[in-house]
Amino acid sequence: MQKEITGIFFDIGGVLLNIHPERTIQHLNNCTGISKEIIKTAFSHEIHNKYEKGEINNQEYYQSIKQALPKTDSLCEPDFWEAWGMLLGEETSVSPVLRTCSKHIPIWLLSNTNPYHIELGAKRFSFLSLVTGAVFSYDVGYRKPDKDIFRIALNLAEKTPGEVLFIDDDLKNVKQAHKIGLNSHHFISTELLKQKMIKLGLSFLKDDST
């Protein structure tokens, strides 16, 4: 028998926010004259993984990217952070759904992210003030789909897997959450998400016009 849903975990990028890595790359190309293809290689998985797990700080991340470029003196720090901020786009149509849900049920954020984007997001996006809590990868030292980040989230929210809904645009993360026992939804569209939520018993969304 399906347990009552008593909490929702939202991913941020690709669910609540559109992200635009191409804007970041284009701005760095404009600033340095280095080709976009080469700039992309500077953002290695290894460096990004360390940053999002909190193993390196903002300054160390900037220096890592700068040193990975062929002309290490071509990128100044203000230009880098301006470009990095451009990755964050506008709120998606899921944001109003979160706002509605927050009136009825505890909302948590569960995101692979970094301190710069969260600090910037706090200034730009009001939905951050509506959540009960947040589990950010750089705070806890694990990134999705590592099962430990889900267990930390469940512990902090004081929930069992079967009573929460986890929403993410990355299928790997959704599959891992499902293995642990969370109700999991691979985000494709807002309409399909609302249908899934209503099916799970969140009936207050039936009359919601978002």
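Trainee: Where is Glu 158 found?
Mentor: Glu 158 sits in the loop between helix H9 and strand E6 (164–168). Those labels come from DSSP runs numbered from the N terminus: H or I of at least four residues for helices, E of at least two for strands.

Trainee: Before we go on, what sort of model is this?
Mentor: A predicted one, where local features need pLDDT of at least 70 and side-chain atom pairs pLDDT 80 or more, while totals for chains, interfaces and linings use all residues. Residues are numbered from 1 along each chain as its sequence is written, and side-chain values use heavy atoms, without hydrogens or water.

Trainee: Which residues does the cis peptide bond join?
Mentor: Lys 144 and Pro 145, with omega about 10°. Pro 145 is in the loop between helix H8 (137–140) and helix H9 (147–157).

Trainee: New topic: how many helices and strands are there in the protein?
Mentor: It has 11 helices and 7 strands.

Trainee: At what angle do H3 and H4 pack?
Mentor: About 175°, with the axes of H3 and helix H4 (residues 58–68) 10 Å apart. Axes are lines fitted to C-alpha atoms over the stretch in contact, and angles between N-to-C directions run from 0 to 180 degrees. That makes H3 roughly antiparallel to H4; under 35 degrees counts as roughly parallel, over 145 as roughly antiparallel, 65 to 115 as roughly perpendicular, and the rest as oblique.

Trainee: Which residues make that contact?
Mentor: Ile 47, His 48 and Tyr 51 from H3, with Asn 58, Tyr 61, Ser 64 and Ile 65 from H4. Contact here means heavy atoms within 4.5 Å. By class, that contact has 4 nonpolar, 3 polar and no charged residues. Ala, Val, Leu, Ile, Met, Phe, Trp, Tyr, Cys and Pro count as nonpolar, Asp, Glu, Lys and Arg as charged, and the others, Gly among them, as polar.

Trainee: And how far apart are the axes of H4 and H5?
Mentor: They're 11 Å apart, and H4 packs on helix H5 (residues 77–85) at about 100°. That makes H4 roughly perpendicular to H5. H4 brings Asn 58, Gln 59, Tyr 61, Tyr 62 and Ile 65, while H5 brings Glu 77, Phe 80, Trp 81 and Trp 84. Those residues split into 6 nonpolar, 2 polar and 1 charged.

Trainee: Last one: what does the C-alpha trace span along its principal axes?
Mentor: About 60 × 35 × 25 Å.
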